[in-house]
Each structure stands twice: as C-alpha cells, then as structure tokens.
Amino acid sequence: MKKPGYYSSGQFARMANVTLRTIRYYDKQDILKPSFVSEAGARFYTDKDFARLQQVLLLKYLGFSLEDIKEMLIDEVDDHFMMNSLNIQLKLVQDKIEQMQLVEKAIRDTAEEIRREHAIDWNQMLDLIHLTGMEKSLKNQYQDASNISARINLHNLYSRNQKGWFPWIYEQLEVGPGMRILEIGCGDGTLWTSNLKELPQDVRIMLSDLSEGMLRDARRAIGAEDQRFVYKNFDCHQIPCDDESFDLVIANHVLFYCDDIRRVCLEAARVLKPDGRFLCSAYGRNHMKEVSQLVQGFDDRIVLSADKLYDRFGMENGKAVLTEYFPECEWRMYEDHLVVPKSEPLISYVLSCHGNQGQYITERYKEFRSYVKRKTDNGFRITKEAGVFICGK
C-alpha cells in the first residue's frame, strides 16, 4: 500500500522525466535508494529523493562517471546539505562554462591558423587535446570546494568570537595605501571577499594557488573587474617573482601542507622587501580536539587526519622554524571557541576531513547522524586554538 507523501517508482520516474529503467539502475548501483520498500518489494520515493536525483543528473551531465558520483554524494539531503551542494554545483557549472569557452577559442584559433597558413599548428592541436581532457580535474575541484565550504561554514555559524576569523586576520595584516601583497594558497579568496570594503584602492594583490579551480573561484567571488587583484597559478616552493617585490606575504593555513616548509619560508623572505612582513597562521595541539574525540567515540578506528598538522608546523613549534629566516617573530592568538547546537554542519565538517572517516561512516551514516544529534542536543563545545605568526626581516 502506498504511504502518504511517497511516490511509486513509476510516478517518481515520470515526474523526474527519466525512465523507470534508470531509477532501477541507480537503485541497483546504490546511487539512489528508495526511501521505503514495502513487504511486497515495491519501492517508494520522497521529495528529498528528488533533491538527490537532481545532484546525480547534474553531475552526470557534467561528465562524471557513476563511480565518481557515488563518491561525491552522501546518504542524507536536508536544507543545510542541499544549500551547500547547490552552491558547489553552481561553481562547477561556472567552471564548465569557462572551460568550454576556452575550447571554443582554441578551435577558432586553430581553424583560423589553418585558413591563413594552410597548415596545422600542432602546438595548438596539443592545447585542444589538453583542454578537452580537463574533466578529470573537476572531481577533485568539486571535492576541494565542498571541503573548504564545510569547514568555513561550521566556524561562521558557531564561533563565539563576534569578529570572525577572516576580519581578524585582515586586521593583523595592517594593509596600507600602495602596498604590494602576495597571498600563497589563497583558496577561494574568502580573506578578501570578507574585507573588500576596507581595502585601499591603490593596493596591488597577487593571489596564488596550486589549484586553478580555486583561483577561478576566487576571481569570480572578488570580481574580474577589480584591478587591484591578479591571479597566478604556481607552487609556493618556487615563487616566480623578483627579489624584494612585496610589502606583505600571507600564508593562511598553508605552511603545514607544504612538502618543504623551510623552502617556502626562504622564498617568502626572498620576495619580501627589507621592511616587509610575513604573516602565517597555524593551529595548536588542542584545536578542534573534541571533534576527533567525538568520531572515535563512534568508532575508534577513525582518524580524521593521518598527518597531525600542528606537528609539522603549529603554534608550539612554528617560531623555531620561522626565526631561521625572520629575526622578528610574534605569535598572536585568536581567542575563540565553538558551541554547535545542530548535527548537520558538524557532520559536514567531519566528512570534509582528510582522514579515513568515509571508510567507517558512509555505510553507517544514519547511525552516525543519530549519534552526533544526541551529542549536539545540549550544545557541543569545541576548543579553537589558532592564531598567526607576524614575522619581519
């Protein structure tokens, strides 16, 4: 018997304008399971299942394989997850549009070269091949953007310090008129989008990142028409800029990810002017410790990060590294903690981590969600231990 608010497989397929065979296939492949299965084996779907189907169909349209799509989705769709997913999907579509515009230009340029020279420019042909193979990078880009969004969102929602992290960081920069600034590992540019109104008109800022996708997100968020910014894709272990080029170099939560931290510090010192400053943020050993304790209480095999980033470069040991290159070095603490009253943003944060949690949570997702909900019912307090080193030559 059909339950109120549920659609049969046939109804669901017709309403979504897909075939019943497609719905059955997604069920078989564990991509879109029905919300209810009757004792007779009849499958029924809800409005929330339409949200999940929308994600599947969009990602399929963008060229992802079903195996990729399975990795990029989770088993729960509510308002929080849906808004986050739609925002990331929008960025993904914008990236696809930009990529197709590049392909269009490359085709036109190649065709024009053939018409003019009556010969094929094989370098342009190689460019075309590379451009049409860019889909492989979109999956990682989608996941990176989702992870960054989940982490920032938890802090934005529940930080007790009324001055958010990015406005606080901006204050520490002490940006003045005419300054030349380099940010390495800029991500999606949130440091600047949060503070555009405070930024002098005559500053010049180079935003760099190893990910071209992150740079595209930053350019879109800031606005391509803002002439104060330029965007460069490079590895911060070898900064392609002249000696003594910048008044300020920024590495916001970047150094602990670098393969050779000392090489990056050496490069930052090289491109800084004699009176320039290097600002780099770091965590302490207690930062977000309650989140690790939470997931290990659910399953003690879960490790949210295989690398303890604070051991590589953190509040406790960072000064010893930095003073090799910067005689002046001061630590400033960002005083804050989180109180999380809802499970969904905390779950998003957990799933965004670089550990093995997917291996143990995905198949037990509903159980994990109930577990986190119980823990957050009375407000879940999380320690924050973060700040910045301000360094001078």
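Student: In what order do the three strands of the open sheet come?
Tutor: This is a predicted model, and in it the order is β1-β3-β2, with antiparallel pairing.
Student: Which strands stand at the edges?
Tutor: β1 (7-8) and β2 (36-37). Each has a single partner strand, so one side of each has no neighbour in the sheet.
Student: How many bridges join β2 to β3?
Tutor: Two bridges join them, and β3 covers residues 43-45. F36 has F44 in β3 as its bridge partner.
Student: What about β10, which residues are on its covered face?
Tutor: L338 and V340 are on the covered face of β10 (residues 337-340), while H337 and V339 are on the uncovered one. In a regular strand, side chains alternate between the two faces of the sheet.
Student: Which residue stands opposite L338?
Tutor: I382 in β11 does. Strand β11 (residues 380-383) runs antiparallel to β10, and four bridges join the two.
Student: OK, zoom out. How many helices and strands are in the chain?
Tutor: The chain has 17 helices and twelve strands. Of its 393 residues, 49% are buried.
Student: What share of the contacts comes from residues 24 or more positions apart?
Tutor: They account for 78% of the contacts with a separation of 6 or more.
Student: Now the inside. How many residues are in the largest nonpolar core?
Tutor: There are 32 residues in it. The ones touching the most other members are L182, L255, F278, F313, L322 and F326.
Student: Which elements give two or more residues to this core?
Tutor: They are β4 (180-184), β7 (246-251), α11 (261-271), β8 (272-283), α14 (318-322) and β12 (386-392). The largest share, six residues, comes from α11.
Student: Take F278. What is it in contact with, beyond its neighbours within four places in sequence?
Tutor: F278 is in contact with V249, A251, L255, A268, L272, L322, F326, F389, I390 and C391.
Student: Which residues does the second core include?
Tutor: This separate core has 28 residues, among them L191, A218, V388 and I390.
Student: What does H287 touch?
Tutor: Leaving out residues up to four places away in sequence, H287 touches T383, K384, E385 and A386.
Student: Last topic: what is the phi of N17?
Tutor: It is positive, about 60°, although N17 is not a glycine. Most residues other than glycine have a negative phi.
Student: Where does N17 lie?
Tutor: N17 lies in the loop between α1 (9-16) and α2 (20-28). At 71% relative accessibility, N17 counts as exposed.
Student: And what about the phi of E244?
Tutor: E244 has a positive phi too, about 55°, and is not a glycine. E244 lies in the loop between β6 (229-233) and β7, and at 45% relative accessibility E244 counts as partly exposed.

Terms used
Residues are numbered from 1 along each chain as its sequence is written. This is a predicted model: local features need pLDDT of at least 70, side-chain atom pairs count only at pLDDT 80 or more; totals for chains, interfaces and linings use all residues. Side-chain values use heavy atoms; hydrogens and water are left out. A nonpolar core is a set of buried Ala, Val, Leu, Ile, Met, Phe, Trp, Tyr and Cys residues joined through side-chain atoms within 4.5 Å. Buried means under 20% relative accessible area, exposed over 50%, partly exposed in between (1.4 Å probe, protein chains only). Contact means heavy atoms within 4.5 Å. Two strands pair if DSSP finds at least two bridges between them.
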